[in-house]
Amino acid sequence: MEHISDSQGPLWEVFTQKKTGTPYQHAGSLHAFDKEMALENARDLFTRRGEATGLWVVPASEIIAVQPDDAAPFFDPSDDKVYRHPTFYEVPEGVKNM
Amino acid sequence: MDTQQALFQYCLRLGDTNLILGHRLAEMCSRGPFLEEDIALTNFALDHTGQAEALLGYAGQLEGKGRSEDDLAYLRSEWEYRNFLLCEQPNTDFAFVIARQLMVDTFHCLLYDQLRTGKDEMLAGMAARFLKEATYHFRHSSSWVERLGQGTDESQRRIRKAFNDLWRFVPEMFESDSAEKTLADQGIAPESSDLQAQWMVNIARVFDKAGLSIPAVENAPVGSTRAVHSEHLGHLLSEMQYLQRAYPEAKW
């Protein structure tokens, strides 16, 4: 038997760019049956109020993610290495995106 | 007919078509096939209602009798409406909504493209703005027609039936009236009949990708330029205008 979510199509993740040149950020997710529908749905769901100048959609199944069980070996080792943070430098005035 | 009077009637015609189509799309709110499409359809409803607001607002100014866009939308009766008969037809299924939308979107893209270089600055400015919306609407409706046409046996049967049922409303879209002729003479607006050939080409392109064939026109009704309507408009207005009629000048 097909899973119930199949009636709405596969899941896609949506990324929007707020201003030209800035990074794309995750905006949310949606269902769609093909690429064009995913792009149109993303436009209607996430860019209606002038939030974006760019838009990406990615099939959620194509995203390779760290499993929650693997989180400790992936991320914890960085906890005790403060020397990796550039906190000993002063950020020059006028630098915004760092 | 003087230009101002012609422009008033013309804006009324364009505004009414948008208003009534916007209302039919708004009826789809919570009835879309799935959440994302439901939002898309109501989004288009807002676009059409917004276009109606601008066009009827301008019509009110041109008329010079102090009627606002709300007065024109909510306090006229069906024999004063000039919308396409196509737009007032009640929604049946999703294929029907999409078929009707493709027919209007294709028309609007051509019309607004001409209007934006017309000689009335106000109308040209609005048309330039509306064209962006219409272009997106066309993208959405044409991609759905292709999808339904190439989908399952059922989706194909439904989209075919929708176009067969609606095709009799095609000739009406290209009917010119004296107001339109007055404006065409002055380079303000195109004559609708001049848009028909390109409309057919653009529709045929979509039908081709969807595997559909152009239906025959039978029993085509005309009348919206003379404000003669099908039985459906009265019912639509009784719902759309209920609040203003029951509570005159209500504001919220």
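Helices (H or I, at least four residues) and strands (E, at least two) are DSSP runs, numbered from the N terminus. Because the model is predicted, local features need pLDDT of at least 70 and side-chain atom pairs count only at pLDDT 80 or more, while totals for chains, interfaces and linings use all residues. Residues are numbered from 1 along each chain as its sequence is written, and chains are lettered from A and ligands numbered from 1 in the order in which they are written.

**The two chains together**

- The contact between the chains takes 10 residues from chain A and 7 residues from chain B, where two residues are in contact if their C-beta atoms, placed from the backbone, lie within 7 Å.
- On the side of chain A that touches chain B, β2 and α1 of chain A each supply at least two residues, and the largest share, 5 residues, comes from α1(A).
- By class, that side of chain A has 3 nonpolar, 3 polar and 4 charged residues (Ala, Val, Leu, Ile, Met, Phe, Trp, Tyr, Cys and Pro count as nonpolar, Asp, Glu, Lys and Arg as charged, and the others, Gly among them, as polar).
- Helix α1 (residues 35–46) of chain A packs against helix α2 (residues 35–63) of chain B at an angle of about 65 degrees, with the axes 9 Å apart; axes are lines fitted to C-alpha atoms, for helices over the stretch in contact, and angles run from 0 to 180 degrees between N-to-C directions.
- The crossing of α1(A) and α2(B) is left-handed, a term used if the near helix is turned anticlockwise from the far one by less than a right angle, with right-handed used if clockwise.
- In this crossing, E40(A), N41(A), D44(A) and L45(A) of α1(A) meet E36(B), I39(B), A40(B) and N43(B) of α2(B), and these residues divide into 3 nonpolar, 2 polar and 3 charged.

**The sheet of chain A**

- In chain A, 3 strands form an open antiparallel sheet in the order β2-β1-β3, and two strands pair if DSSP finds at least two bridges between them.
- Strands β2 (25–31) and β3 (54–59) of chain A stand at the edges with a single partner strand each, so one side of each is left without a neighbour in the sheet.
- Strand β1 (residues 11–17) of chain A is joined to the antiparallel β3(A) by 6 bridges, and V14(A) stands opposite V57(A) in β3(A).

**Helix packing within chain B**

- The axes of α2(B) and helix α6 (residues 121–149) of chain B come within 11 Å and cross at roughly 165 degrees, which makes α2(B) roughly antiparallel to α6(B) (angles under 35 degrees count as roughly parallel, over 145 as roughly antiparallel, 65 to 115 as roughly perpendicular and the rest as oblique).
- Residues of α2(B) including A40(B), F44(B) and Y58(B) take part in the contact with α6(B), where the residues met include M122(B), F130(B) and H140(B); by class, this contact has 8 nonpolar, 3 polar and 2 charged residues.
- Helix α5 (residues 94–115) of chain B and helix α10 (residues 196–210) of chain B pack at an angle of about 135 degrees with their axes 10 Å apart, which makes α5(B) oblique to α10(B).
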